[in-house]
Protein chains: 2
Amino acid sequence: MTDYLVNGKAGGLISVQDRGFQYGDGLFETMLVENGNALFLSEHLDRLSYGCNVLAFPSIDRKLLEREVNEIVSNNQFGVLKIMLSRGESERGFLIPDKPKITRVVTFSSSLKSHMDVKLQHVNITLCKTRLSQQPLLAGIKHLNQLERVLARSEWKDTTVSEGLMLDNEGHVIEGTMSNVFVVKEGVIKTSDLNYAGVKGIMRDFILKRATEQGYDCQVTNLTLDDVLNADEVFITNSLILLKTVAKLTFLNRTATYVEGPVSPIMYGAIRDEILARHGERS
Amino acid sequence: MTDYLVNGKAGGLISVQDRGFQYGDGLFETMLVENGNALFLSEHLDRLSYGCNVLAFPSIDRKLLEREVNEIVSNNQFGVLKIMLSRGESERGFLIPDKPKITRVVTFSSSLKSHMDVKLQHVNITLCKTRLSQQPLLAGIKHLNQLERVLARSEWKDTTVSEGLMLDNEGHVIEGTMSNVFVVKEGVIKTSDLNYAGVKGIMRDFILKRATEQGYDCQVTNLTLDDVLNADEVFITNSLILLKTVAKLTFLNRTATYVEGPVSPIMYGAIRDEILARHGERS
C-alpha cells in the first residue's frame, strides 16, 4: 500500500504542466523506513539540498519535509519512503520562472518486513551495454532525468541477476543502474570518481567515511573494468539494499567470481550498527 | 487558454507514479496550429513513432492521436499543440513493466494570431556554457530528459537574445536550446550531425530535403564554432518559430554578425509555401 502527500495534501496527482513531467526538472531521494524511522534522513536532505543548489531551486524547508515524513510514516511501520521535488508548473518553454512554485511529493510504500532481519546477500550482476553520458553539471545529484538507467535496466530479465554495471562514454566503471560499486584489492577499497557521471550515494559516503576511520586505504578513482574483473571482492550499495556482496559478474562469455569477504561483511555490519546506534534496538 | 486531453479525457492531471514524472521516461512533440491545422502533423507522428521504437514503447496509434488532435483543435483556431507519451505508471524501480500502459497527453494552447503573418525575423543569439552530453542511444529523439536545456536556457535573461547555441562535450556545435542551426558559407548549407546529441527537428529535415531539391550543396557534418563564427549566414529552425535569421552571435567579448540572406528568406519562403500547399490559402 502506498500513501502520497503532494504539497502537503493527501493524493497522488500532479499537473501535466509540471516541469517534473515536462522536462524531468526535479530531484528525488529514496530511503528505507525501519520501525517508523526514515534511515539517514538527515543525509538524504543534505543531498537534496545540494541538488537544489545545483539546479537553482529555492532552498529546501527541512522542518517542513521532516514534518511531512512524520505525517506519512506511522510509528512501527516499515517500508520505503520517497521524496520528490520538481520546479512546479510553468509556461511552455525551458525558461525557469522568476518565482517557481516547487512541487513537493512525499510517498510511502509500507511493507511488513524489516530490512534489519536481512542477512548479507551474495548476488550476481551483469555489465550493461548502455553507457552513462558525461555531464559534470549534473553528476552526483539524484535528478529526474533517468532514461539512461531505464534503458540499462531493460537489458536483462534474468531474475537471478540483481544489478547491471554501467560504464561511461570513456569506459570507466561508474556504478550500477541503482547502486554504487566498491572493489577491494589487497585490502585497498576503491570506488568510482563521480565527477562526470553517477549519483553520490548516501551509503557510498557512509562506507568511505567509516572504512577510512577503521584504517582502510580508501580510494575514489577512475575505476576500470579490469579493476572490477581482477578485484578480490566487489560489493554494491544503496539506501534500500544497504550493501550486497557480488558473488559473480557475467557478461558476454566472461565470468568473474569473487570471495565473500572480509571487507563487505564488516561494512554491512557497520551500516547496521549505525542504524541501531541512531534508532535504538528493535522494539 | 490551454486545453488538455489525458488518455482521451479532458483534464490536466497525471499520477505522481507516472514514469514520465519519475524518470522522464517519455517523448513529446510540439507543433504550430494554423487555421485548425496541426502543421507537419504526419512528420511529427513519424518522429514520435521513431522515438517509441528507440525507447521500446508500443507502436503509436496514429488514427487515435489524429482523432484527439481534431477533438482538441477546433476549425479556424491558431496556437500550439503538444503531444506527450510516457511509459505510464509502474512499480518503484527502473524496470519496464511487461505491458506498460502508455500515458497519452494532448495539449492545445490557443492564440489569436496566425504565425503565417510573421515576417522573417532577424534575431540575436548567444553561446551557452552548458554542454550537451553525448548519448547515441537517445540522440535525435525528443524525449522528456531535458535538464541540460533547462540549465542552458537559464544562462541568459536578456530578452533581446532569442536563443543559445549549445556545444557537446567535444566542442561540436550541436543546436540551440530549442532549435536546430544552419550555417551558409559560399553557397554551401551545413547543419550539425546529430548522431551523438541533439534533436532531429522536423523543420531541419524539411530544409535539408527542400534545399537539396533546389540544387544547394547541403552537408550534415561536425559543425565547429569556427564554422559558425566564419559563416556568411546563419539561421535557426524549429516547428514553432519555423525559421529565423541570426543577425548577431555574442558571447564573452566576441561578436559575429551575419548578412540577411540570400538563403534564409528562400528557405523561410519554402516552408510557408509548403504549409499553403498542404492546407490551402488562408480563409
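This is a predicted model: local features need pLDDT of at least 70, side-chain atom pairs count only at pLDDT 80 or more; totals for chains, interfaces and linings use all residues.
Residues are numbered from 1 along each chain as its sequence is written, and chains are lettered from A and ligands numbered from 1 in the order in which they are written.

The strands β1(B) and β2(B) run antiparallel and are joined by 2 bridges, and for two strands to count as paired DSSP has to find at least two bridges between them. These two strands form a hairpin with 2 residues between them, and B:Asn7 in the turn has a positive phi of about 50°. B:Leu5 also stands opposite B:Val106 in β7(B), and β1(B) is joined to β7(B) by 5 bridges, again in the antiparallel sense.

These pairings belong to an open sheet of 6 strands in chain B, with antiparallel pairing and the order β2-β1-β7-β6-β4-β5. Because β2 (9-10) and β5 (37-38) of chain B stand at the edges with a single partner strand each, one side of each is left without a neighbour in the sheet. As background, strands of a sheet pair through backbone hydrogen bonds, either parallel or antiparallel. Helix α2 (residues 41-54) of chain B lies across β4 (26-34), β5 and β6 (78-86) of chain B, and it runs at about 180° to β4(B); such angles run from 0 to 180 degrees between N-to-C directions, with axes being lines fitted to C-alpha atoms, for helices over the stretch in contact.

Turning to chain A, we find an open sheet of 6 strands in the order β2-β1-β7-β6-β4-β5, with antiparallel pairing. There, strand β1 (residues 2-6) and strand β7 (residues 103-111) of chain A run antiparallel and are joined by 5 bridges, and A:Asp3 stands opposite A:Phe108 in β7(A). Helix α2(A) packs on the sheet, touching β4, β5 and β6 of chain A, and its direction makes about 180° with that of β4(A).

Chain A is divided into domain 1 (2-112) and domain 2 (122-278), with bounds that come from an automatic or database domain assignment. The C-alpha centres of the two domains of chain A lie 25 Å apart. Of domain 1 of chain A, 21 residues are in contact with 9 residues of domain 2 of chain A, contact meaning that the C-beta atoms, placed from the backbone, lie within 7 Å. On the domain 1 side of that contact in chain A, the largest share, 8 residues, comes from β4(A).

The contact between the chains takes 43 residues from chain B and 43 residues from chain A. On the side of chain B that touches chain A, α4(B) gives the most, with 6 residues. Since 100% of the interface residues of chain B are also interface residues in chain A, the copies meet through the same surface. Across this contact, strand β3 (residues 13-15) of chain A pairs with β3(B) in the antiparallel sense over 3 bridges, and A:Leu13 has B:Ser15 as its bridge partner in β3(B).

I will finish with B:Asn169, which lies in the loop between β9 (161-167) and β10 (173-176) of chain B. Not counting residues up to four places away in sequence, B:Asn169 touches A:Gln134, B:Arg131, B:Ser133 and B:Gln134. With 17 C-beta neighbours inside 10 Å, B:Asn169 counts as partly exposed, the class in between buried, at 20 or more other C-beta atoms within 10 Å of a residue's own, and exposed, at 12 or fewer, with C-beta atoms placed from the backbone.

Definitions and conventions
Two residues are in contact if their C-beta atoms, placed from the backbone, lie within 7 Å. Helices (H or I, at least four residues) and strands (E, at least two) are DSSP runs, numbered from the N terminus.
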